[in-house]
Amino acid sequence: HVGKSISIFGFSIAYYGMIIGAAILIGFLIATAEAKRTGQNPEDYLDMGIVGVIAGIAGARIYYVIFSWDLYKDNLLSIFNLREGGLAIYGGVIGAVIAVFVMAAVKKKSPFQILDTIALALLNGQMLGRWGNFFNREAFGGYTDNLFAMQLPVSDVRSGEITAEMWEKVKRIGGTEYIQVHPTFLYESMWNIGVLLILLFLTFRVKRKYDGMVFLNYLLLYGIGRFWIEGLRTDQLLLPGTQIPVSQLLSGV
């Protein structure tokens with residue numbers, strides 16, 4: 001049984017937050033190193049990175065809240081409680097991209113060159129960030145008994161994410177009920193390792209034909225994997241009034 005947080009000097013620190021913090025720090029290191037390698041000013045990326053991180057987190061939360069409004073409409077202050085999770089990666093990417101175009105205009109730089117420079121940092125954030133979902137018992141798929149099947153205590157997950165099939169096949173171990181699910185956070189993290197290898201090849205072995213080439217390949221390759229993985233999840237964010245998963249639709253686009 002894996003905990004959700006640790007206590008230091010009486011303060012509870014969520015693993016989710018620790019992972020997000022580590023992902024941001026590593027992302028800064030990757031982006032500034034790539035800026036230096038390509039003859040840009042790394043300090044520009046420290047400035048832009050701060051704005052980008054804020055915009056990314058805001059975008060990730062806004063996206064999640066918009067498509068999960070029923071969870072927040074009766075308690076608006078809970079919107080600001082990030083400790084419980086609820087950050088949508090696509091919202092984070094949208095927020096970061098908007099910030100890039102704004103900062104590019106301010107600094108008179110090519111936004112697509114900036115996007116190429118931060119592509120690996122973004123992907124790193126997604127790979128690490130998914131493990132925050134693991135500690136929060138969220139973003140999992142439907143029932144499975146395959147090699148990677150993961151068991152979660154029923155008391156640790158949101159009841160709305162437990163399907164009828166999971167209830168039918170619930171397991172009782174030592175007086176505790178467990179559901180058995182697809183670890184979609186793991187699938188996506190593993191897929192992103194493959195995407196990372198391809199982007200590293202494009203970055204270091206292929207002559208850049210145009211600004212934005214690496215970033216557009218990132219969107220294409222991540223979108224292919226996410227389209228499949230999103231179809232497995234039981235916590236899909238739906239377009240209002242439909243049964244269409246919004247992130248699966250965005251991945252397809």
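This is a predicted model: local features need pLDDT of at least 70, side-chain atom pairs count only at pLDDT 80 or more; totals for chains, interfaces and linings use all residues.

Me: What volume does the largest cavity have?
Reply: Its volume is about 790 Å³. The lining has 33 residues, and I24, V53, G56, L122 and G125 are the closest to the centre.

Me: Which elements line it?
Reply: α1, α2, α4 and α5 each give two or more residues to that lining. The most come from α5, with 9 residues.

Me: And what classes of residue are in that lining?
Reply: There are 23 nonpolar, 9 polar and 1 charged residues.

Me: OK, what about the second largest cavity?
Reply: That one holds about 190 Å³ of space. It has 19 lining residues, with Y64, L87, A88, R233 and D235 nearest the centre. Its lining divides into 9 nonpolar, 3 polar and 7 charged residues.

Me: Switching topic: which residues touch the most other members of the largest nonpolar core?
Reply: Those are I114, I118, L199, F215 and Y218, in a core of 35 residues. Two or more residues each come from α1 (15–37), α2 (42–66), α4 (89–107), α5 (111–135), α7 (184–205) and α8 (213–230). The largest share, 8 residues, is from α5.

Me: What does F215 touch?
Reply: Leaving out residues up to four places away in sequence, F215 touches V97, L115, D116, A119 and L122.

Technical notes: Residues are numbered from 1 along each chain as its sequence is written. Side-chain values use heavy atoms; hydrogens and water are left out. A nonpolar core is a set of buried Ala, Val, Leu, Ile, Met, Phe, Trp, Tyr and Cys residues joined through side-chain atoms within 4.5 Å. Buried means under 20% relative accessible area, exposed over 50%, partly exposed in between (1.4 Å probe, protein chains only). Helices (H or I, at least four residues) and strands (E, at least two) are DSSP runs, numbered from the N terminus. Contact means heavy atoms within 4.5 Å. On a 1 Å grid over the protein atoms alone, a cavity is a set of points where a 1.4 Å probe fits but cannot get out, and a pocket is an open set with protein on both sides within 12 Å along at least five of seven lines; lining residues have an atom within 4 Å of a point. Grid points are joined across faces, edges and corners, and a volume is the space filled by probe spheres set on the points. Ala, Val, Leu, Ile, Met, Phe, Trp, Tyr, Cys and Pro count as nonpolar, Asp, Glu, Lys and Arg as charged, and the others, Gly among them, as polar.
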